[in-house]
Amino acid sequence: MIVQLLLSVITYGSLFAVITLALNLQYARGGMINFGIVAYLAAGAYAYAIVTQEPPSGLDQYLFGFDGPWWAGMIAAALAALLFALVTGWPTLRLRGEYLALTTFAFAEVFHSLLLNERRIGNGSVGLSNVERPVPEVAGIAIDESGFFAVAALALMLVTLLVFHRLLASPYGRVLDAIRDDELAASTVGKRVGRLRLQVFLISAVPVGLAGALYAMITTLASPSLFTAEVTFFVWIALILGGERTILGAVLGTFGLVLFEELSRAVPFESVRAAQVAASVQHVLTGLLFIALLRWRPGGGPKGDRS
Amino acid sequence: MLLLQYLVTGIVTGCFLILATIGFSLTRRVEGFLNIAHAELLGVSAFTTWFLNTSGGWPIVIAALAGIVFTAVTGLFIGRVVYDPIRSRGPAVLLITSVGVAYVIGGIIDALVGTGIRTLDIGLPTTYRVAGVRITDYQLIVVALAAATSLSLALFLSRTRTGLAIRAMSANPALAASRGVDVRVTSRATWLLASGLAGLAGVMLAVVATLSTDIAFHQILQILAVAILAGLGSLFTVIYAGLAIGIAMDVSVYWIPAGYRPLIAFAVVIVVLVFRPEGLARRGSSR
C-alpha cells in the first residue's frame, strides 16, 4: 500500500515535473505564458501509440499502426512534440502576454478537438488502448513493472533537470533573462528575440513529448480525456506552488501536488456521491491554494536558487 | 432550407454569446485583465435559478431575477476580495489567479449540484414555423434580451454619470481619477454590472439548454473566441463578433460533423490573433 503510493507519486510526480520544468523554462525564464502545454504531452503520447501499435483490425477506426519497437516510438514522440511546438510557436512569435496565453490555449483545444473527433487518428473519444510497452528484464529475468517505470520517469526528469540547469546557467540562460526583462534592450544589443523565443519553445517541447510517450506506456492508454486543459492548469498550479524561477521549486511543487492528489485518492469512500463531493472539494482547495500563493508568495518556493 | 435553419439557430447562439461576452469585455476594459472565471458566473446564476425554480418552487421570472442579483453580488465580492489586492501585479498574474477562482467556483457548484443533467421547470417551448424555419419562443426571448441589453448598455454608458465614469476609467484610469471620478465606486459598479450580465446570460443558458456542471468551461472557450474576434476590451464590436461566431459555428454543421463546432470558434481565434491581433475593432483595445 505505502510502496504502491510511493511508486505512483514518484512516477507521476516525475512525469508532471518534466512538464513543470518546461513551463518554468518558458514562463519564468522566457516570459511566455503557455496555456496549452498539454498538447505537447498529447502529441508525444499519440505519436508513441501510433508508431508502436499493430495495424488496425476489427473495430479499430484508426488508419495507421506501424508495429514499431518502443525506441522508435520514443523518437517519434519527441519529434511529434517538436513539430507541434514549431507549428504553433512560429506563427505566435509576435504575440505577448495574455494574447500568447490565449493562442496557445486555443491551439491545444483545437488539437484536443481533432483527437476527439477525427477517429482516423486514434479511435476518437475511445482512444488507443493496450499501448505497447517494453517488457523490463535484467539479464533475462523479468523485473517489477511499476518499479521499472517509476525509475524510467525519474530518470527522464533528472536528465531534463540537468540539461535545463546547464542551459540556464550558461550565457544562453542570461540572454533569455535579458529578453524577458527588457526585450527592446536585448534586441538593441543584437539578440534575435524571435529566434530565441522559438528555440525556447522547441527545447522545452522535447522532454514533454518523451514524458507523453512514458505516460502512454504507464497507463497503456492514449485517449483525449487524459489530455484536457486540466493537465495544463495542474502544472501551472505546481509551478506557482514551487515558486517561479527555481528548478528545484518546480520539481518540489509538482511532487507536493501529486502527493496531495494521490493521498486524497487513497481515501476510501462509502458512496459514489461522497467520492464526487470529495473530488469537488479538492478542486476548491486547489483553487484557493492557487489564489493564496499568487497573492502572498510572489517569489514562492525555496529562495536563493535562481537557476 | 436546412442551411437557413442553421443560420437562424446561429443567430440565436450569437445573441447568447453577445450576452455572455459583453460582461467579460467590460471587465477586460475597466479592470484590465482577462477574467477566466467569468464563465463560472454563468454557472452560478444558472444553477441558483434552477435551484430556486425547481426545489424552491419559485416562478421562473422571480427565480431568474434572484439568480442574477446573487451572481452580481458574488462577482462584486470576488472582485473586491481576490482581484483588488493584487491589481498592481499586472494582467498576467490576474489572469492566472482567475483560473484559480474558476476552479473554486466550479468545485463549489460541483459539490452542491452533482453530476447529471438538469432542466428548469418551465414547460416545453412552443415552436413557430416561419417559411419552413423553426424557432421556439425561448429562442426569441434570447434574441430580444440580447437586443434590449445591448441597447440599454449603450444608453447607460453614454447617458448616465456612472456609465460615463466607467468609460472614462477604461480610457485612462489616472486621468479619470484626477478629474474627480471615484475610481473605487466605479470599479465596484463595473463588477456588479459585468457579473449581472453574466447572470443574465446564465439564466438564458438555463432556459435554452440543459444544464450540467461542466457547462461553464465550454462557455469560456466561446466567450474568449468572441472577445478576441471583437478585439479585447471592445464593447460594441462584441455584437458583430458574437453573431459572426454564432453563425459560423452553427452553419458549419451543414458541412462538417457537429463535434467540430468548438473547433470553428478556436480556428477563428488563432486566425485573428495571428493576422489581426486588434480584432474587428478599428483601434487597438485600450488598456
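Two residues count as being in contact if their C-beta atoms, placed from the backbone, lie within 7 Å. Please keep in mind that this is a predicted model.

**Where the chains meet**

By that rule, the contact takes 33 residues from chain A and 37 residues from chain B. On the side of chain B that touches chain A, the elements giving two or more residues are α4 (91-113), α9 (215-230) and α11 (261-275) of chain B. Of these, α4(B) gives the most, with 16 residues. Sorted by class, this side of chain B has 29 nonpolar, seven polar and one charged residues.

**A helix in chain A**

Now turn to helix α3 of chain A, which covers residues 70-89. How far apart are its end C-alpha atoms? They are 28 Å apart, which agrees with the 28 Å that its 20 residues should span at 1.5 Å a residue.

**A hairpin in chain B**

In chain B, strand β1 (residues 127-130) pairs with strand β2 (residues 133-136) in the antiparallel sense, over four bridges. Together β1(B) and β2(B) form a hairpin, with two residues between them. Here are two of the places where the strands face each other:

| Residue | Opposite it in β2(B) |
|---|---|
| B:Y128 | B:I135 |

**Two positive phi angles**

Most residues other than glycine have a negative phi. In the turn of the hairpin, B:A131 has a positive phi of about 50°. A:T220 also has a positive phi of about 50°, although A:T220 is not a glycine. Where does A:T220 sit? Its place is in the loop between α9 (193-219) and β4 (221-222) of chain A. Is A:T220 buried or partly exposed? A:T220 is partly exposed, because 13 other C-beta atoms lie within 10 Å, while a buried residue would have 20 or more.

Notes:
Residues numbered from 1 in each chain as written. Chains lettered and ligands numbered in written order. Predicted model: local features only at pLDDT ≥ 70, side-chain atom pairs only at ≥ 80, totals over all residues. Pairing = 2+ DSSP bridges. Buried ≥ 20, exposed ≤ 12 C-beta atoms within 10 Å, placed from the backbone. Expected span 1.5 Å × (residues − 1). Nonpolar A, V, L, I, M, F, W, Y, C, P; charged D, E, K, R; others polar.
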